[in-house]
Amino acid sequence: MKRLLIITILFCSMQIVNSQADDGVVSFDLPIRNSLIFNRFAINPTFTFVRQQNKFINFTSKRENIQFDNAPETLLGTYSGRFAENIGAGISAFQQNYGVLTTFGGVLNFAYNVKLNTDKNLTFGLNIGAYKSGVNSSNIVTNFDDPSLQNVQSNFLLTVNPGINYGTEFLDFGVSVNNLVLYNIETSSMIEEDPRQGIQAHVMHTGYFNGRGFFEKTKFTALVMSEFQKEETIISGLASLNVPKGIWFQIGYNNRYGVSGGLGLNVSKNIALEYNVEKAIGQFVDFGPSHEVSLAYRFITKKEYKYNGDEKVSGLFTKKRTTPIVEATDEELAAIRDRAEERRVIAELDREAKEAAKAKADADAKIAAEEKAKEDAAEKARKEAEQKIKKLEAQKAKEEAEAKAKIEAEKIARERAEIKAKLLAEEQAKQDAEAKAKQLAEQKAREDAALQAKKLAEQKAKEAEQKVKLEAEARAKQMAEQKAKEEAEEQTRIQTELLAKKQAEETAKQLAEQKAKEDGYKIAKQLEEKKAREDAALKAKQLAEQKAKEEAEELAKKQAEETARQLAEQSAKEEAAEQAKALAKQKVKEAEEKAAKEIADAKAQEEAKIKAEELAEQNSNEETKAKADLIANPTDDIGKSMKKLSEQAEQTKTEQNKLLEDLKDIIDIKDKDLKDLKEENDLSDKGITVAPKPFKSVTAENNKLNTIKSNLDNVIKTRSDKIDELKSLFDDRSKIKNTELDEVNLFYKKEIKRLTEEQLKALDVREKLDSRLEDIRIATEFEKRRRIKRAVYDSDSDRYDQDRAMLQNIKRTTTLADTPYKSEDFDFGEVQNSNIKILKNINNVDSGYYLIIAVHSDINKRNEFIKKVVASGRSDVDFFYDVNTSKYYIYYIKADGIQQANSAMQTKGNRPYNEKMSLVKIEN
């Protein structure tokens, strides 16, 4: 038994002689190397993605060198494969038994692909392994303790194996690094000397046989690898044939482990079984063969990935359908397609209606928020206006009170002056009467006969004096009332002029010098009108005074004549009458002088008032001009910056309005296109056949629209930023002492309000245009679907029959051209790119690869192109119709596989109609 144990240990040492140190550390080395179907990540980390289509759950058991008892054994369970268009991944658990040594762990794999172009891929992969190695004491059979076994420690190791693969249409080139990093977690140290560390390079070819019968569409794979280790270089190769019937064969060679062969089969589409045998050659021939068995479950994905194996999976024991398939008629298929199209259109319309409702709700919420912001701004402006009005009303009330007080004071002074004048006149009359009475008393003794006449004369004189006095008082009262009325009118006029003056000042602040000039003309005109009114009043007043004077003179004259007549009759009374007449003249003269003085004083006062108003107006104009100059040329830095920002905001206004107008024009064009399309659909619904208009290519129009919208957004943002910056500067300047109510701040307060209102209006216009554009887009998509659904032809079969008839007629009536055509003679229609274009659900056409030579939407251009191709000697030209894009694809070559299609592309020659040839794949 001891000898058997020693032999086993020696064999294990040979097996892992380069991978085990004295401390029991074992390199990561899975002996899974003879299969190109399962566990491909063990060859290169990228192979879970490269040429892979499905995912697998796989269990593998491998026994090596079975010539010996307790031969090395590896058990492996894996879940790996293709998980996405550009991702492959896998996870596995393994256990390796080498006699009394055991390694147990797992591997995590990830591969990511970068698509360079149609046929070129670059894939990055990584294997991260974690495992524990040590002695399995249950396998030790001995009668005594062996110190060499007791010194072997258990270790937990971590390894990293990166890889890269570059794939073309048929070839793959790759490099990987085995055990790039080997880290011992137990000792927290790196393994410096790892004999299993090496660089592995590979070249793999994948192709297909175009054979017949059993080997039809058979996949062929050949892999050549070379691993460069520190002490050894390993050369190996694998080849496999994968028959679509569900069986594959494998052969391989490795200069270290020998030759191998294998057989695999698909029990069903999901369950697969594989067996590989490896025979050592050379110095290890006596060790015996190795056997590897794999059982797998395949998850067949419905999605067809690019850069895959392209093979079709079928099982050897899959039960074939025995029930006959009942094929639907053309009418049933057409009805099914119509119902499917209706359901698709209804679902699409429901989705778009939901999106439109959501967009409308968002727009309504946005509009409500903006309306609230506008209302808040309006409320704020209203409060500011109310405060300003209150200030103006308070100031006006103060001015009115002052004016009223002044008028009352003047009125009291006038009344006092009139009372004083009246008292003086009465006193003077009294003194005169007393003096006269004294003189008459002295003469009473001398002239008894004339006493009665004198008394009568005195009485008449008193009556005349009283009458003149009463008339003078009446005239004075009338003049006082007239003057009071004129003063009231003048006060009203002054208040009106003050209000107009304030309004003129506000207007002058906004319009600066031009408005001030217009106000100057207006004020001059008002002064002229005022002067004219005053001249007319003065003239009327002079006429009234002249009339009063004439009436007084006439009265005095009559009285004097009457007195003279009486004195003539009574000579004794002549002297008294003469004195009465003189007294009357004196009273009249005094009244005239008093009236003239009052008129002169009133005129002088009026002239002084006019001069004061002119001076005040002149000062106001000068003040307005100075304020306008201060606004136009501010002296402080903030004021200068505010002026510059205001000018910049005003400059962007023109550009903003121009872009809004351009946006409106292009939306009007789209609206016109929508109306034309709707009219065409409506006529078609009524049974009126119209010539179909091809779908308009809106790429350039949309590019222009996007450019306008982008420029408009930039201009709006720039102008809004300028306004915000102007507001910030205004706030900063308002914080400076004694600047809150100066002319610059008052002007820019109104300027900011005006700019903000203009910008809000521009934003409102922009939102309305965007909403209108979105409505047009939704309606246009709906009408396009209507147009697709209601084709010009009654059914696909009618259109197909007419197309077939036209093609046969062209081929039958077209003769060979006398002069060969050149490539510029052909109209190839829509330009196709170099990538493979995939079309689905194409009626009356088989699935496969089609070499397209031209694409047309117009039937006449299609027919013209086909005629020239037939005239060039190509009579097998054909075409099919894609109802989804309303385009005709013209071809003459169809391939079943990608390899055949690519070969045809490479051998197309230099015929003129092949210059724009492209590849289209149809999937029905």
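Let me start with one residue. Leu645 is buried, with a relative accessibility of 7%. Remember that this is a predicted model.

Where does Leu645 sit? It is part of helix α6, which covers residues 637–685. And what does Leu645 touch, once residues up to four places away in sequence are set aside? Four residues: Lys722, Glu725, Leu726 and Leu729. Take Glu725. It is 80 residues from Leu645 along the chain, yet their C-alpha atoms are 7.8 Å apart.

Now the whole chain. There are 924 residues, and 33% of them count as buried. The secondary structure comprises eleven helices and 21 strands. Look at contacts with a separation of 6 or more: 68% of them join residues 24 or more positions apart. The accessible surface is about 55000 Å². Carbon and sulfur atoms hold 55% of that.

Next, the surface. One nonpolar patch spans about 810 Å². Its members include Ile57, Phe59, Val267, Tyr275 and Phe299. Which elements give two or more residues to this patch? They are β1 (55–63), β15 (271–279) and β16 (290–299). Strand β16 gives the largest share, with four residues.

Last, pick one patch member. Phe299 belongs to strand β16. Is it buried, partly exposed or exposed? Phe299 has 31% relative accessibility, so it counts as partly exposed.

Methods
Residues are numbered from 1 along each chain as its sequence is written. This is a predicted model: local features need pLDDT of at least 70, side-chain atom pairs count only at pLDDT 80 or more; totals for chains, interfaces and linings use all residues. Side-chain values use heavy atoms; hydrogens and water are left out. Buried means under 20% relative accessible area, exposed over 50%, partly exposed in between (1.4 Å probe, protein chains only). Contact means heavy atoms within 4.5 Å. Accessible areas come from the Shrake-Rupley method with a 1.4 Å probe; for residues, only the protein chains shown count as cover. Patches are made of residues with over 30% relative accessible area and no salt bridge: like charges are joined within 9 Å, nonpolar side chains (Val, Leu, Ile, Met, Phe, Trp, Tyr) within 5 Å. A salt bridge is a side-chain nitrogen of Lys or Arg within 4 Å of a carboxyl oxygen of Asp or Glu.
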